[in-house]
Amino acid sequence: MTPDTAGDWQPVATLDVLRLRARILERLRAFFSERAVLEVETPVFSSAAATDPALSSFTTHYTGPLFPRGHDFYCHTSPEFPMKRLLAAGSGSIYQVCKVFRNGESGRIHNPEFTLLEWYRVGFDHRQLMDETAVLVTAVLAGHRSLATPEKLTYREAFERHCGIDPHTADHRALAGAITRHGIQTDLEFGHEDPDVLRDLLLTHVIEPNLGRGRITLLYDYPVSQAALARVRPDNPPVAERFELYLDGIELANGFHELADAGEQQRRFEHDLQRRAASGLPAVPLDARLLSALRAGLPECAGVALGIDRLVMLAAGAKNLREVIAFPTDCA
Amino acid sequence: MATYSTNDFKAGLKVMIDGSPGAVVENEFVKPGKGQAFNRVKIRNLKTGRIIERTFKSGDTLEAADVVDVEMQFLYNDGEFFHFMNPGTYEQFGADKTAVGDTAKWLKEQDLCTITLWNGVPLSVEPPHTVTLKIVETDPGVRGDTSGGGGKPATLETGAVVRVPLFIQNGELIKCNTRTGEYISRA
């Protein structure tokens, strides 16, 4: 203990908010218990890491029995891969509440470690899971917030409505034009950026503030380039069967109609690793056990991850994640 | 010159923006769950006082601005420059009218001011929070009125005009708040 932090022992969140947090976790567990979804636990430490270039994993080192000469582990950024291994092993629908860790993320609605609720529904597609996610959020917020019927908006509709462009066909010039029209001042050199960076700029600066106003907004059917772990539907243009849930302009959940094709998953991992290399990001070991599980057969399913701290924040009427976390990272 | 990344940005940090020195006012981390992280930053241009809003990709950098605040004594105004002295080093600096701006009307010889230097040149001048100045012109007060209600304008030796209670007379010394431009009390 250093002298300048010695007096800094009190929790940041009030005890009332911590009680609310506990009640919300009880409600969540009751929600899944009623639906016969099994609670599971998977490891925080893994020999493999998330390959997504937008995610940076914490690493740690173990030395002892099993690895007498030491071994590097990655702290999970989400429990997705081992949960899919359980699904492939025949677990049926499952959920987990756990701490996850993302390096480099801190701000008003980010803390480097946070609590995630992740669940998988066997036999669901992303549309069915979107509905269930909205039901869950509405149930948890009942008594705290009165919400109108949820709104569903495709990624394309959101861009057409708020930016006046079709995100699937817009080129650099059209995306840059929309960014300029909306008065976003930035040093980005549009011509050198990945179009997804420009889409993310419009999404975060122009569209998100309009989402989840007085009701839940479900944004779905993303560009294929943002599929992550979602399956792609061969429409014209093809779209990724992915969704996000917004309330008060804040992204609460991200879900997929899960990709089950091991070959396609391997290609996406390798594509991620190429993008990491191109951006000068460290290479990470990809999860070969997930690929084996997919080869053995992942049941048709949809999965979603929901940020519990953000959900508690909205239930409490708080404006900053710090208000709902007992000890945010700078006080940990 | 050193550079700062978006991770360093916090209120008060001095950076170069569009060729001018600026001070970070606010830095918001924005990141979609699966996608590019940005920092939405508000920076005050220290030359114009205007707030600039700018979005950076997280990890981008800005050059540091060589901006320091130094307490200095006001010496005199030669009509073109306001001259200040660092009482620690006896080093003298001339600030032009743009740098002094509206502060000029509070500047009295010997008073300690905060001078913001950019690359060693005065960029702006902050007067002391309270100053004691002599009234050079005000209407005669109403006899017997000591309530202080109502008030009247009074011109001070440095040129500032403040509202003072009716009982305050020409030639008196008064204390003023330079931030609000208000009379505080007799000195």
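**Entry 1: a strand pair in chain B**

I began at B:K134, which stands opposite B:L173 in β15(B). I then looked up the two strands: β12 (residues 130-138) and β15 (residues 173-177) of chain B pair in the antiparallel sense over five bridges. For my own notes, helices (H or I, at least four residues) and strands (E, at least two) are DSSP runs numbered from the N terminus, and two strands pair if DSSP finds at least two bridges between them.

This is a predicted model, so I kept its rules in view: local features need pLDDT of at least 70, side-chain atom pairs count only at pLDDT 80 or more, and totals for chains, interfaces and linings use all residues. Residues are numbered from 1 along each chain as its sequence is written, while chains are lettered from A and ligands numbered from 1 in the order in which they are written.

In chain B, five strands make an open sheet in the order β14-β13-β12-β15-β16, with antiparallel pairing. I found β14 (161-164) and β16 (182-186) of chain B at its edges, each pairing on one side only. On average, neighbouring strands of this sheet are turned by 50° against each other, direction ignored; the axes behind that angle are lines fitted to C-alpha atoms, for helices over the stretch in contact, and angles run from 0 to 180 degrees between N-to-C directions.

**Entry 2: domains of chain B**

I noted three domains in chain B: domain 1 (3-63), domain 2 (67-126) and domain 3 (130-186). Their bounds come from an automatic or database domain assignment. Over C-alpha atoms, the centres of domain 1 and domain 2 of chain B are 28 Å apart. Four residues from domain 1 of chain B and five residues from domain 2 of chain B take part in the contact, where two residues are in contact if their C-beta atoms, placed from the backbone, lie within 7 Å. On the domain 1 side I counted two nonpolar, no polar and two charged residues. The classes are: Ala, Val, Leu, Ile, Met, Phe, Trp, Tyr, Cys and Pro nonpolar; Asp, Glu, Lys and Arg charged; the others, Gly among them, polar.

**Entry 3: where the chains meet**

I looked up the contact between the chains and found 23 residues of chain A against 16 residues of chain B. On the chain A side, α6 (195-207) and β11 (250-257) each supply at least two residues. Which element gives the most to that side? It is α6(A), with seven residues. I sorted the chain A side into seven nonpolar, nine polar and seven charged residues.

Three strands of chain A form an open sheet in the order β2-β4-β3, with antiparallel pairing. Its edge strands are β2 (45-46) and β3 (59-64) of chain A. I traced β3(A) against β4 (residues 67-75) of chain A and got five bridges in the antiparallel sense. In β4(A), A:H71 is the bridge partner of A:Y62, and A:F67 is that of A:G64.

Leaving aside neighbours within four places in sequence, A:S46 is in contact with A:F73, A:Y74 and A:H76.

I checked the turn of the β3(A)-β4(A) hairpin, which has two residues between the strands. There A:L66 has a positive phi of about 90° although it is not a glycine, and A:L66 is exposed, with 7 other C-beta atoms within 10 Å. In chain B, B:Q110 has a positive phi of about 85° and is not a glycine either. I placed B:Q110 in the loop between α1 (97-100) and β10 (112-118) of chain B. I also found a cis peptide bond from A:N236 to A:P237, with omega near -5°.

Key:
Buried ≥ 20, exposed ≤ 12 C-beta atoms within 10 Å, placed from the backbone.
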